[in-house]
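Trainee: I would like to go through this structure with you, one feature at a time. Please show it first.

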Amino acid sequence: MKYDEYFSPDFRTARKRFRRAARDAGAKLTKLFWGLRGPLGEKLAIDIAWLGNKKARRILLHTSGIHGVEGFAGSAIQIHLLRHPVNIPPDGAMVLVHCLNPYGMAYLRRANERNVDLNRNFIQHDHHRRGAHDGYHRLHPLLNPSSPPRFDFFTLRLLGRVIRHGFEYLKQAGAEGQFEYPSGLFFGGHEMQTGPRRFLKWARKKLKKARHICVIDVHTGVGEPGKDWLILELNHGGAYHQMLEREYPRRVDTLDPDHTIVYRVRGGLEEGIPTALHRKAHLDFVTQEFGTVSGRKLLHALRNENRAHHHGRAADVLDPTKIALRDCFCPPDAAWRQTALTDGRVVVDLTAGYLFSD
Ligand SMILES: [Zn+2]
């Protein structure tokens with residue numbers, strides 16, 4: 001498989017390729033569109049390709065781009081899956097959800113059109129959408145300065161905080177999600193956003209017949225550069241977890257910030273999906289993260305782009321902070337892209353083997 005036929009340079013190309021591959025594969029296509037337009041006036045929509053039984057009891061659900069700019073790898077994997085589908089039994093389906101945050105992917109940012117981190121937005125009760133980790137309040141002036149990007153010794157100041165508070169504490173404080181600073185990083189939103197709401201409405205209607213669902217949600221950025229991690233929160237120790245540990249050794253983790261490179265989040269997609277399923281459905285959920293660059297570099301790039309975005313550069317996809325952010329989340333590196341595509345595919349194949357066997 002040659003990675004460059006699958007990795008797209010921008011959202012528009014990715015969307016076109018995905019839809020075309022879906023049609024060629026005979027998939028049923030659904031579009032969730034709520035009026036957003038891209039830099040060239042193009043429609044920004046979530047596209048869903050359904051392969052297999054419409055009333056499937058067993059569903060492999062593959063999602064990409066909940067973090068916008070992180071969507072390039074997931075999109076590439078999905079286009080590959082459409083061109084080379086897995087074997088699906090008569091009572092099964094493979095469902096590909098292309099880019100849950102189309103605005104973020106089109107405008108090269110991690111948050112959505114209202115600066116909301118959608119993987120912190122799936123909170124059931126609005127009265128829980130408040131507060132922030134103590135450490136976030138402390139970090140806020142450093143993370144979210146109210147001025148356009150300029151050199152301000154960020155790395156050195158961050159290092160000072162690391163020495164004072166410890167790396168694990170800051171990682172958890174920064175990234176678990178916050179509900180206090182609407183233009184800050186990792187803001188979870190004061191209400192359910194339109195994209196997630198439309199997606200859950202679709203899911204409630206279409207996934208209700210399913211009794212076993214495996215979700216693979218693809219992200220990039222966190223972790224050792226060039227390596228991927230599978231993160232399980234639900235059913236750890238269960239059959240799916242055991243299968244992945246057996247077949248995919250040393251790369252499977254659970255969400256415990258003391259023992260892993262990842263962090264707990266509030267309002268992630270894995271909190272949203274169960275609300276759309278039949279109460280007897282069994283859900284296995286895995287987050288696949290492809291490491292890109294160091295955490296410090298990522299945070300710096302996120303901070304720069306967020307500053308530029310809130311100071312007049314929101315619509316400029318050629319702004320250097322946006323290009324830098326894209327390159328942090330999808331390195332322009334042949335080996336990285338090839339590995340992401342291959343490992344993304346391996347996890348789908350293993351999951352299909354587990355879900356669709358017998
Ligand atoms: Zn992510």
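Mentor: A definition comes first: buried means under 20% relative accessible area, exposed over 50%, and partly exposed in between, with a 1.4 Å probe and protein chains only. The model is predicted, so local features need pLDDT of at least 70 and side-chain atom pairs count only at pLDDT 80 or more, while totals for chains, interfaces and linings use all residues. Residues are numbered from 1 along each chain as its sequence is written, and side-chain values use heavy atoms, with hydrogens and water left out.

Trainee: Is Met94 buried or exposed, and at what relative accessibility?

Mentor: Met94 is found in strand β4 (residues 92–98). Helices (H or I, at least four residues) and strands (E, at least two) are DSSP runs, numbered from the N terminus. Met94 counts as buried because its relative accessibility is 0%.

Trainee: Which residues is Met94 in contact with, leaving aside neighbours within four places in sequence?

Mentor: Contact means heavy atoms within 4.5 Å. A C-alpha separation is another kind of value: for Met94 and Cys214, 120 residues apart along the chain, it is 9.7 Å. With neighbours within four places left aside, the contacts of Met94 are Ala49, Trp50, Leu51, Leu60, Leu81, Val86 and Ile88.

Trainee: How are α2 and α12 oriented to each other?

Mentor: Helix α2 (residues 71–83) packs with α12 at an angle of about 55°, and their axes are 9 Å apart. Axes are lines fitted to C-alpha atoms, for helices over the stretch in contact, and angles run from 0 to 180 degrees between N-to-C directions. Angles under 35 degrees count as roughly parallel, over 145 as roughly antiparallel, 65 to 115 as roughly perpendicular and the rest as oblique. The angle therefore makes α2, relative to α12, oblique.

Trainee: Which residues of α12 do those of α2 meet?

Mentor: The α2 side of this contact consists of Ala73, Ala76, Ile77, His80 and Leu81. Their partners in α12 are Trp336, Ala340, Leu341, Gly344, Arg345 and Val348.

Trainee: What is the orientation of α4 and α5 to each other?

Mentor: α4 and helix α5 (residues 154–165) pack at an angle of about 165°, with their axes 11 Å apart. The contact is made by Arg138, Leu139 and Leu142 of α4 and by Phe154, Arg157, Leu158, Arg161 and His165 of α5. The two helices, α4 and α5, are therefore roughly antiparallel.

Trainee: Where do the buried residues of α8 fall, seen down its axis?

Mentor: In helix α8 (residues 239–247), the buried residues are Tyr240, His241, Met243 and Leu244. Seen down the axis of α8, they line one face of the helix, because they fall within an arc of 160°. The arc is that of the directions from the helix axis to the C-beta atoms. What covers these residues includes β5 (212–221), β6 (228–232), β7 (252–254), β8 (282–291) and α12 (334–356).

Trainee: With which side chain does the side chain of Tyr248 make a polar contact?

Mentor: Tyr248 lies in the loop between α8 and β7, and this residue is buried, with a relative accessible area of 7%. Not counting residues up to four places away in sequence, Tyr248 touches Asp228, Leu230, Gln288, Asp343, Val346, Val347 and Leu350. A polar contact is a pair of N or O atoms within 3.5 Å; within protein, one must be able to donate a hydrogen and the other to accept it, and residues adjacent in sequence count only if both atoms are side-chain atoms. At 2.8 Å, the polar partner of the Tyr248 side chain is the side chain of Asp228.

Trainee: Within what arc do the buried residues of α11 fall?

Mentor: Helix α11 (residues 320–329) has Thr321, Lys322, Leu325, Cys328 and Phe329 buried. Seen down the axis of α11, these residues line one face of the helix, because they fall within an arc of 120°.

Trainee: What do the buried residues of α11 pack against?

Mentor: The answer is a list of elements. The buried residues of α11 pack against β5, α10 (295–313) and α12.

Trainee: What is the phi of Asn115?

Mentor: Asn115 is found in the loop between α3 (102–106) and α4 (134–143), and counts as buried at 7% relative accessibility. Asn115 is not a glycine, yet its phi is positive, at about 60°.
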